[in-house]
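Please look through the sequence and the model below before reading my points.

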Amino acid sequence: MKPRCCCADFPDRKPHYVPLSASGSGGIEASVLNSLESGDEAICCVNGLFSQRMHVIAQHTPATLHLVEAPYGRPVDPEDVRKVAKGRKIKMIGLAQGETSSGVVTNIDPFRQVADECGALLVGGRGGYPGWGAPEY
Ligand SMILES: Cc1ncc(COP(=O)(O)O)c(C=O)c1O
């Protein structure tokens, strides 16, 4: 199945919105817990508190997790993600596009590309809003 995009950042794709009466963490929980099941493999990109939260939530699923980290205040390198995904059937790649804990905004395009290459869902937590002025890597 072609990965669906739920984000208005990609105007060339038909958006699909699901309103949730929940906090941001509740949204992450709903996305991750409903995506991963036994036998799945996922990559969690961690570069701060909120992406770490996504990793902790993913640990509550039976999926096999691969952790790709960057130091606090830096974005995860999409090449590191590509290397980990190589030769594996990755179901989900998770990251915090806007890592609210450090203010780092990650350029999501290369992660979208890696996710498309391996047919994975891209789950991105986004604190703040597009153009909030933080440096984008
Ligand atoms: C990037 C980001 N910022 C902030 C939050 C915190 O949201 P909330 O306090 O509504 O749970 C989250 C939730 O996981 C997040 O992913």
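**Notes on the fold**

1. Both faces of strand E5 are covered: Leu121, Val123 and Gly125 on one side, and Leu122, Gly124 and Arg126 on the other, are all buried. A residue is called buried if 20 or more other C-beta atoms lie within 10 Å of its own, exposed if 12 or fewer, and partly exposed in between, with C-beta atoms placed from the backbone. In a regular strand the side chains alternate between the two faces of the sheet. Because six of the six residues of E5 (residues 121–126) are buried, the strand is largely enclosed by the rest of the structure.

2. The model is a predicted one: local features need pLDDT of at least 70, side-chain atom pairs count only at pLDDT 80 or more, and totals for chains, interfaces and linings use all residues. Residues are numbered from 1 along each chain as its sequence is written.

3. The protein contains four helices and five strands, in the order α-β-α-β-α-β-β-α-β from the N terminus on. Helices (H or I, at least four residues) and strands (E, at least two) are DSSP runs, numbered from the N terminus. Of the 137 residues, 35% count as buried.

4. E5 pairs with strand E3 (residues 90–99) in the parallel sense over six bridges. Two strands pair if DSSP finds at least two bridges between them. In E5, Arg126 is the bridge partner of Gly98.

5. Which residues of helix H3 (residues 78–85) are buried? They are Pro78, Val81 and Ala85. They cover an arc of only 55 degrees around the axis, which puts them on the same side of H3; the arc is that of the directions from the helix axis to the C-beta atoms. The face turned away from this buried side carries the exposed residues Glu79 and Lys83.

6. The buried residues of H3 pack against strand E1 (41–46), strand E2 (64–69), E3 and helix H4 (109–118). The axes of H3 and H4 come within 9 Å and cross at roughly 10 degrees; axes are lines fitted to C-alpha atoms, for helices over the stretch in contact, and angles run from 0 to 180 degrees between N-to-C directions. That makes H3 roughly parallel to H4, a term for angles under 35 degrees.

7. Pro78, Val81, Arg82 and Ala85 in H3 meet Pro110, Phe111, Val114 and Cys118 in H4. Two residues are in contact if their C-beta atoms, placed from the backbone, lie within 7 Å.

How values were computed
Angles under 35 degrees count as roughly parallel, over 145 as roughly antiparallel, 65 to 115 as roughly perpendicular and the rest as oblique.
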